[in-house]
Amino acid sequence: AMALQLKGHNVAVLEAGKLRGREQEWNISMKELLELVELGVLTEEDIDMAVKTEFPGCRSGFKNSEVTPLEGGYFDNGVGYECFTPNVLNLGISPSVLIENVSERFKAAGGVIFEGTPLKGIVVSESLGAALDVGEEKDPITSRLVLDCMGNASPISRQQRYGKQPDGICAVVGSCAGGFDAESNLLGDIIYTNQEIQDKGPNGQLQYFWEAFPVGIGRNGMEPGTSDVKTTYMFTYMDASEGRPSLSTLMDDYWKQLPIYQPSITDVETDLDVKRVLFAYFPTYKDSPLQPEYSRILAVGDASGIQSPLSFGGFGALTRHLERISGAITEALESDLLHKDDLGEINAYTPNLSAAWMFQKAMSVRMGQKVDPKFVNRLLATNFDVMDNMGEKTMMPFMQDVVRIDGLAGSLARSFVADPTFMPQIVLHVGIPTLVEWLGHVSMITLYTALHNLSPVLEPFVDNMENKKEKYLWKRRMEAWKFGSGNDYKFD
């Protein structure tokens with residue numbers, strides 16, 4: 001909303017309740033925050049006020065059992081592999097501070113916020129605009145364009161996907177609590193395993209992953225080693241079969257497994273000062289980003305499915321796409337290109353997002369499928385060992401959900417060399433149809449990379465086009481090539 005208001009549009013935000021951020025911190029990198037500063041959405045003062053936690057970076061580790069610290073590779077120690085990546089998700093920011101500051105500047109710039117205004121429905125006229133039903137006691141709100149920013153639970157997206165089963169689920173449970181060892185509460189975990197695939201009987205097989213972030217260190221005089229507060233998540237990937245376990249079952253497993261993951265805790269009931277508990281399902285769909293089914297309505301952020309199927313929340317993905325999306329929306333409004341086909345070009349096919357589905361497939365186990373309990377750890381330990389040795393230009397984009405052909409091709413080739421006998425198991429695990437589909441997306445990443453490299457030659461011709469629609473469509477194509485190949489990622 002702020003990005004569009006700064007471009008001179010009249011923007012209104014509808015919020016069913018009070019517009020405020022949650023108390024629990026979001027974790028993000030400074031690189032992603034500075035992208036918002038470049039757009040004018042945030043100021044450096046906003047960042048200084050909002051950042052409550054700062055630490056060097058995060059560990060990634062994949063182990064068949066809890067061994068910390070762990071040295072060497074999977075085939076050297078027989079357990080797994082772990083590595084450290086600096087400056088990834090290493091800032092804990094206060095959403096409440098961030099949203100309060102930005103909302104005040106948004107209103108000062110002429111933006112309007114309707115609080116306590118739940119959306120009841122939308123009536124669209126392709127020629128006139130959209131009317132938003134906000135209840136019998138209030139007049140409808142009219143708009144030329146409606147942006148659906150309601151997340152993966154958006155009723156608009158659900159209506160459009162009505163009857164379609166999610167292609168995958170990321171299930172997450174966790175808590176923010178005090179009581180952990182303060183002296184070792186210095187770094188985060190971005191993705192970590194410490195056990196083999198768990199057989200849940202009639203609920204299928206699951207590989208549990210962990211994520212953890214220290215809270216309250218590195219800023220405001222809070223020295224590292226002084227805070228015993230930590231946020232920990234346990235998550236898993238699965239299909240949407242009815243036989244899958246409930247969130248309450250996963251939460252029970254979380255409390256049971258937490259002392260193994262965090263050995264400073266021996267009894268969760270007596271050792272922890274629980275401040276908040278989190279539990280959620282994040283459905284994901286292969287046909288993402290979501291193409292508009294209605295004119296004058298465009299899904300953005302998690303509502304469009306633009307986030308990686310491996311993530312549980314796409315704030316970082318939205319910051320990466322914000323300049324592109326706000327610019328494209330501006331052109332659509334200025335050229336009156338608000339038909340669903342024109343808006344669909346903003347949420348165009350991105351082969352690197354589609355290719356990420358292979359990773360979720362490899363990190364989950366289908367119902368009824370039986371695999372080697374060490375399969376996921378062996379796969380990820382080998383791949384992360386390879387990517388870590390390839391350097392930050394391979395590791396950093398991947399850790400921030402950006403798939404590029406240079407890193408992908410290099411890591412796949414080296415992983416095959418490192419563990420050649422594992423390839424038949426991988427093919428058997430994901431299945432031939434999935435592999436063929438994935439190879440198609442990888443081929444398209446290669447093509448999009450080549451087309452993006454031609455963009456500098458095409459740009460002068462596109463900029464001089466007199467036909468506004470053709471100019472708009474060519475710009476969206478060039479953006480799709482750039483983002484769909486991961487060439488939007490900016491290396492430091």
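**View 1. Lysine 393 puts its charged end over the ring of phenylalanine 491.** The distance from that charged end to the ring centre is 5.5 Å. Keep in mind that this is a predicted model, here and in the views that follow.

**View 2. Another lysine over a ring: lysine 230 and phenylalanine 180.** Here the charged end of lysine 230 sits 5.8 Å from the centre of the phenylalanine 180 ring.

**View 3. Tyrosine 74 and phenylalanine 75 make an aromatic pair.** A search of the whole structure turns up 16 aromatic pairs. In this one, the ring centres are 5.2 Å apart and the planes meet at 85°, so the pair counts as edge-to-face. Tyrosine 74 is tucked away too: its relative accessible area is 10%, so it goes down as buried, the cut-off being under 20%.

**View 4. Tyrosine 349 and tyrosine 448 pair up across distant parts of the chain.** This pair is edge-to-face, with 6.1 Å from centre to centre and 85° between the planes. The two partners are 99 residues apart. Tyrosine 349 belongs to the loop between helix H10 (340-344) and helix H11 (351-355), while tyrosine 448 is part of helix H17 (residues 432-463). As for accessibility, tyrosine 349 is partly exposed at 32%, whereas tyrosine 448 is buried at 11%.

**View 5. Five aromatic residues form one cluster.** The members to look for are Tyr192, Trp210, Tyr254, Trp255 and Tyr261.

**View 6. Glutamine 205 is a buried residue in strand E15.** The strand covers residues 205-206, and glutamine 205 has a relative accessibility of 8%. Leaving out residues up to four places away in sequence, glutamine 205 touches Ile197, Gln198, Asp199, Arg244, Val365, Gln369, Lys370 and Val371.

**View 7. The structure holds 1 cavity of 30 Å³ or more.** About 80 Å³ of space lies inside this largest cavity. Its lining is made up of 13 residues, and the closest to the centre are Ile156, Gln160, Pro292, Ile297 and Ala299. Helix H6 (155-160) and strand E19 (297-299) each bring at least two residues to the lining.

Terms used: Residues numbered from 1 in each chain as written. Predicted model: local features only at pLDDT ≥ 70, side-chain atom pairs only at ≥ 80, totals over all residues. Heavy atoms only, no water. 1 Å grid on protein atoms, 1.4 Å probe; cavity = no way out; pocket = protein on both sides within 12 Å on 5 of 7 lines; lining within 4 Å. Points joined across faces, edges and corners; volume = space filled by probe spheres on them. Helix = DSSP H or I, 4+ residues; strand = E, 2+ residues; numbered from the N terminus. Phe/Tyr/Trp six-rings, centres within 6.5 Å; stacked < 30°, edge-to-face > 60°. Buried < 20%, exposed > 50% of the residue type's maximum accessible area, 1.4 Å probe, protein only. Lys NZ or Arg CZ within 6 Å of the ring centre and 35° of its normal. Contact = heavy atoms within 4.5 Å.
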